[in-house]
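Subject: Structure handover

Hello,

Here is the structure for you to look through. Please open it first, then read my notes below.

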Amino acid sequence: MIPFSSSPQSSLGIEWEIALADRESGDLVSAAAELMAAVEASHGEFLEPEGFSPQVTGEFLANTVEAVTGVCATVAEATDQLTRIAEVLQRCADPLGVDLYSAGTHPYARWTEQPVTAKDRYEKVLERTQYWGRQMLVYGVHVHVGLDSRDKALPVVRRLVRYYPHLLALSASSPYWEGVDTGYASQRAMIFQQLPASGIPYQFTQWAEYSDYIEGLIASETIEEESENRWDIRPVARYGTVEMRVCDGLATVQEIGAIAALTQCIVEEASRTIDNGGTVDGLPRWYAEENKWRAARYGLDARVIVAADGSVRPVAQELEELVDRLEPISRDLDCEAELAHVRQIIRGGPGYIRQRRTFEESDGSLREVVRTIVGATREGLSTPGESAAAR
């Protein structure tokens, strides 16, 4: 069976995909190589990290970089690391006339005009996926949470699937695609699921079943290694984590902190249930698939399926009650302030709501939508260490 490396329970790591936008036009610009070179010249430690240290990496598209934290004990530690990385990226991007852009999609960039980073693994993806693979003009935030036992991995995946629509609705920030309002809160969720071995995970009950699944994908030449299993929520055996890959790109580190805290607390709650001899509930796959679509389509206005009998509730109400329930755990994990920010996102509106509001207030300017997102990211970096200072 696939070996699982245990980690300190509820330790944390975050991956933040950041697009690069031309300062004049707001369109995407393939400047990742130039930006990485500038970062290497001034902060080489981010490109050649020792062990699991904060780092900057390239991504599938030449218009994208990724900020990756080290292994962190708290959300505040992780967001402070992201802030530090993003500050360096912004300082190095300024002389290039480039802005940091963070949302699930870009509102008017054309996927046909975006070069792919020259790497064998990316070229293999394109060779196999063709038209759909070339459309992966999408950006997200991934959260790893550590597990101290392999036996927790699949139940925790099951629990996170139960809250998939909550996480997606809260983070949805991709209503526009190639100049068109898609009518969806998250176009990104609809695009990314076109790749092989992606989407809602199969909810296996035994680790041997998961191992057989991965080995079958490798034997059938569907993937070459476990990391190419692109489920939206997946165990990562070599790190000893579960990885939540549901969320659209988020404009500010503070929003990323809220999503990370919510994810960390959900995982910790499930872990405690298992430690106490309980069972972790989930939803049948067909309901989980429907919930994903509802959250992608309607965002916080979605009514999601919450039980095996098909009963539904407003996802916004579910989120409020979930935060209430997780507050004691958030105090134990020292992320109470970050979890509380979930309520502020609900009240102020996630990214898709703010983007549409900007579009209407600017008489239909998608350029203004980009400018507002870029401004939010830059403004958020002007107060480094906010989450830690709030303590």
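Contact here means heavy atoms within 4.5 Å. Helices (H or I, at least four residues) and strands (E, at least two) are DSSP runs, numbered from the N terminus. This is a predicted model, in which local features need pLDDT of at least 70, side-chain atom pairs count only at pLDDT 80 or more, and totals for chains, interfaces and linings use all residues. Residues are numbered from 1 along each chain as its sequence is written, and side-chain values use heavy atoms, with hydrogens and water left out.

Start with helix H13. It covers residues 366-380, which makes 15 residues. From first C-alpha to last it reaches 21 Å, close to the 21 Å expected at 1.5 Å a residue. The expected span is 1.5 Å times one less than the number of residues.

Which residues of H13 are buried? They are Leu366, Arg367, Val369, Val370, Ile373, Val374 and Thr377. (Buried means under 20% relative accessible area, exposed over 50%, and partly exposed in between, with a 1.4 Å probe and protein chains only.) Seen down the axis of H13, these buried residues fall within an arc of 165°, so they line one face of the helix. The arc is that of the directions from the helix axis to the C-beta atoms. An α-helix has 3.6 residues a turn, so residues three or four places apart point the same way.

What covers that buried set? The cover includes strands S1 (12-22), S4 (98-101) and S6 (176-177), along with helix H12 (351-361).

Now the charged pairs. The whole structure holds 29 salt bridges. (A salt bridge is a side-chain nitrogen of Lys or Arg within 4 Å of a carboxyl oxygen of Asp or Glu.)

Look at arginine 159. Its side chain meets that of glutamate 269 in a salt bridge, at 3.2 Å from N to O. Glutamate 269 lies in helix H8 (residues 253-275) and arginine 159 in helix H4 (residues 153-162), so the pair ties together parts that are 110 residues apart in sequence. Both residues are buried.

Arginine 159 also forms a salt bridge with aspartate 281, with the closest N and O atoms 3.0 Å apart. Aspartate 281 sits in the loop between H8 and helix H9 (285-298), so this pair ties together parts 122 residues apart in sequence. Arginine 159 has a relative accessible area of 7%. Aspartate 281 is partly exposed, at 43%.

One network to find: salt bridges link Glu320, Asp324, Glu327, Arg343 and Arg347.

Best wishes
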